[in-house]
Amino acid sequence: MTDMIPFIDLKAQRTRLNGKIEAAVMKVLDEGRYILGPEVIELEEKLAEFAGIGRALSCANGTDAILIPLMAWGIGPGDAVFVPSFTFAASAEVIVLTGATPVFVDVDPVTYNMSPDSLSGAIDMVKTEGKLTPRAIIAVDLFGQPANYPVLAEIANSHDLKLISDCAQGFGCTLDGKSPLHWADALTISFYPAKPLGAYGDAGAVLVKDDNLYATMKSVRVHGEGHERYEYARIGINSRLDTIQAAILLAKLSVFGDEIEMRQAVADKYAAKMGNMVKTPKVLDGYQSTWAQYTIEVNDRDAFRSHLAGHGVPTAVYYPIPLHLHEPYASYPIAPEGLAVTEAIAHTVVSLPMHPDMPDADVEQVCSAVATYSQKVLAE
Ligand SMILES: Cc1ncc(COP(=O)(O)O)c(C=O)c1O
């Protein structure tokens, strides 16, 4: 049995950072300001600088990062929020937590991101039925590629809806060089360790352009606090960021731009070597993906995965079951034309190893396993 190559390799990244992370953690331990310490403030400033737009508010994880602006806007019972079904549970769960109703929308077959046509149909459906008030759209930058923000923002503006970029997987992605926040009202980030910019625990952030929204979110983040300590202006949550995580993220952010290029180089090698064998991902012209995942499509996924595993190549499936087909989400509305693309790709998508430190030998091992699988299928 061949040894498994890593799916992601955080150890290699830590070695490359050469003591920076350890020094940053030790500094926090020495100073002892463990919650919302100076590194948290510095991280917030540097995140906004990296995005080139807006102000950042850090929080405990990428799920709260979506919940906080929804709460700040007062979204709740009787409201409809539009979200793709082909995403991680967090994108929709936060809608239910506010008391609002998620309305599931289909995705584009090329980018796997929210389909503007399906979205328009869903908004019209909700308006015609008249039971819910459309309030917001949560677009997901799936696998690191930005959604079609120019068109989504046009739809949001024409219906007076808030637009969130759930950029949990895509912080650093751009359209024509610009962050999704250029079009969205809020951009939310997860620093879960496996994300392109990952902490060594849970962490998240929200970026916004509007100062009033920022102030309300800041209050929501810490129990709804008002101007004075122990004075409450609203119902909030506890979603502070640990200083140790902020210090680790600052060290990683200093090399993040280079890492996006390193991920792009891996993606380019994959596409050159296996583009004629399987359906490789397409990043649209003018778009930059952060390559949170390198996701291809194959027909007989189980056979493909076991062939690759036999050749030392781990794979993962994001996502085998669309959200609207899970029992807790099954009663919520879906777009009127159905979610045919979502339901089809859930059977064919499979993600390959991807990380910035991936050696050529590992890329080669993946590509030759894909090649021997293709030859086997052709011979059958
Ligand atoms: C699309 C998407 N949204 C939200 C989240 C939630 O982030 P976290 O795990 O940091 O709460 C994730 C994390 O996996 C995600 O992939």
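## Lining of the largest pocket

Helix 4 contributes the most to the lining of the largest pocket, with three residues, where helices are DSSP runs of H or I of at least four residues, numbered from the N terminus. A pocket here is an open set of points on a 1 Å grid over the protein atoms alone, where a 1.4 Å probe fits, with protein on both sides within 12 Å along at least five of seven lines, and lining residues have an atom within 4 Å of a point.

The model is predicted, with local features needing pLDDT of at least 70 and side-chain atom pairs counting only at pLDDT 80 or more, while totals for chains, interfaces and linings use all residues. Residues are numbered from 1 along each chain as its sequence is written, and side-chain values use heavy atoms, with hydrogens and water left out.

Of the 28 residues that line the largest pocket, Phe88, Gln169, Tyr192, Lys195 and Tyr319 lie nearest its centre.

## The ligand and its contacts

The ligand takes up the space of the largest pocket, in the sense that more than half of its atoms lie within 2 Å of the grid points. Around the ligand are 14 residues, with Gly62, Thr63, Asp166, Ser190 and Lys195 the closest, a residue being near if one of its heavy atoms lies within 4 Å.

Among the polar contacts (pairs of N or O atoms within 3.5 Å), an oxygen atom of the ligand lies 2.8 Å from a backbone N or O atom of Gly62, and a polar side-chain atom of Lys195 lies 2.6 Å from an oxygen atom of the ligand. In Asp166, a side-chain N or O atom is 2.8 Å from a nitrogen atom of the ligand.

Technical notes
A polar contact is a pair of N or O atoms within 3.5 Å; within protein, one must be able to donate a hydrogen and the other to accept it, and residues adjacent in sequence count only if both atoms are side-chain atoms. Helices (H or I, at least four residues) and strands (E, at least two) are DSSP runs, numbered from the N terminus.
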